Amino acid sequence: MGVAIRRIPLDFPVSPTLLASIEALSDGEWLAHVNRACYDGEWDVFPLRGLAKYQDQSPILQAFALEESESEADFDNYASLQNCPELTTFLAQLSCPILSVRLMRLSPGATIAPHRDHGLCFSKGQARLHLCLQTDPDVEFIVEGESVHMGEGELWYLNADMEHAVYHRGSKDRIHVVIDCIANDWLRNMLGLPEYRELADYSVPERQAWLTKLAEQIVSCPHEERYGLRKPLRELATSLANLSALDLHPDIFLDTDFTMTPYGKAVSMTTAAQCAEEVLRTAVFVRAIHQAISERLHPEQPVSVLYAGTGPFATLLLPLMGMFSAEQIQVTMLDIHAESLEKLQALVEAFGLGDRVADYICADATRWQPEIQFDLIVSETMKAALATEPQVSIFSHLVSSLKPTGSLIPQAVELTANGLYREGKRIPLTAKGRLDRTTASDFANGNQQALDMSAPLSERCSIQAIEICTDIQVYGHHRLTAYDCSLNLPFVIPFSSSTQQFICGSETSKARGVVQLAYSTGSEPGYSLSLIPSTTDTAEIEGQE
């Protein structure tokens, strides 16, 4: 399904009559392509077929309103196509449902910059075909780094979801008929693609081989090429959802199936599954856990792993399980939701990995008492700034079940703070917090201030809020930093109105004091903000999260 571009063995004899009729079209009937940021020079369009409801409306809608329907019945031939009987006859030979048809003309000297038409490829249900009517030897079409020249009368398939570009260095117009159609078995055969099989149709060894190959791709991908993992990781999420009969994106999803624990929100099964679609989040954790397991491999005993908060996919560990034998790794799967564990167990068996699982535990990870110690404890039950979810309480409860040489994953969640000005500027503050093995042990031993942060304000300013930034050392050098994923988005806590009045009061006031960020592990985990002023008798001015 990953073919970039391929010629279809179906030629069209381009007649002088057809070219003459196209040449006779007035320039006023051609429309400049609307995406001006995508090209230099002249690139214009003439609609031949499109959505029927726009047939008598603006030519712009006829030419560019192409994504509102995927049903062939909603499209119709425009009068311009009916006046091209040769082309109509050729299109009838395409035994696939045709949606839109456009003439596209690229003038000499024009360049179409590298870009993607997201989702427009065979594997995602639609296909783009190019029928070349007129070209020049010096027109170059590049798809994913592969350069091709489409000859006159040739029909080509283009995977438009891949990056592609066109460079016209010739002397006459390049004119293509661009056809968007629905992918079907006829087109698959014309392209010579293998028959598509769902993961459910694979044998157990085939599924395991597929999963292991994907895991090896994630683990071996150089850091600078990490964004190339988007496709395989999204394929992973979609394939696991299909195999477990889980609707990853319900039409109406209100996320009402979460569980509120005494120490925070345990997200629903569907929300947990959707986390797999965050590409860098999944990739970095998988790579980090692979390193942590590999460093602990021992010929005499398996590496023992506790995965607390698996969700239905155990996304951070399941892909790796085929890379290690049952003698090398034993995993305890724990989740608070029985339905998640049921789907996970079915997935594990579907991949033939059941011998790598020591046990499935349906329990609250902040209360369950393990009977053994583990080499690794994996729990990614958090949001930015450690808000809402019970990551801190899970680690503080389970840290005593970690072997002396063991590791929590993530190894450290590092928190820093900025002051946000009224003008939109920010100033770094000295406040820092860190959740790691030591901090988790401190919480376990009763130190509820182990994550508190503070920073002095040395002069009057117009700070309106405090921004908490979250960096994650997953393991070793594997890190997630600013904006890599939702866990690294800035978390803003505004000052209360009384605090802002104190900070931004009169010109003569000098608002010196200490910003305090106190972390709570209660039912709504997170930071609360207060200011201890040093130039007023007010004992404390508070602002809540």
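I began with the salt bridges, taking as one any side-chain nitrogen of Lys or Arg within 4 Å of a carboxyl oxygen of Asp or Glu, and the count came to 17. The model is a predicted one, in which local features need pLDDT of at least 70 and side-chain atom pairs count only at pLDDT 80 or more, while totals for chains, interfaces and linings use all residues. Residues are numbered from 1 along each chain as its sequence is written, and side-chain values use heavy atoms, with hydrogens and water left out.

I then looked up Asp161, which meets Arg116 in a salt bridge at 3.1 Å, N to O. Asp161 lies in the loop between β11 (155-158) and β12 (164-168) and Arg116 in the loop between β7 (111-115) and β8 (126-134), so the pair ties together parts 45 residues apart in sequence; strands here are DSSP runs of E with at least two residues, helices runs of H or I with at least four, numbered from the N terminus. For burial I used relative accessible area (buried under 20%, exposed over 50%, partly exposed in between, with a 1.4 Å probe and protein chains only). Asp161 is buried at 11%, whereas Arg116 is partly exposed at 37%.

Next I turned to Glu140 and Arg169, whose closest N and O atoms are 3.0 Å apart in a salt bridge. Glu140 sits in strand β9 (residues 139-143) and Arg169 in the loop between β12 and β13 (174-182), 29 residues apart. Glu140 is partly exposed at 21%, and Arg169 is exposed at 54%.
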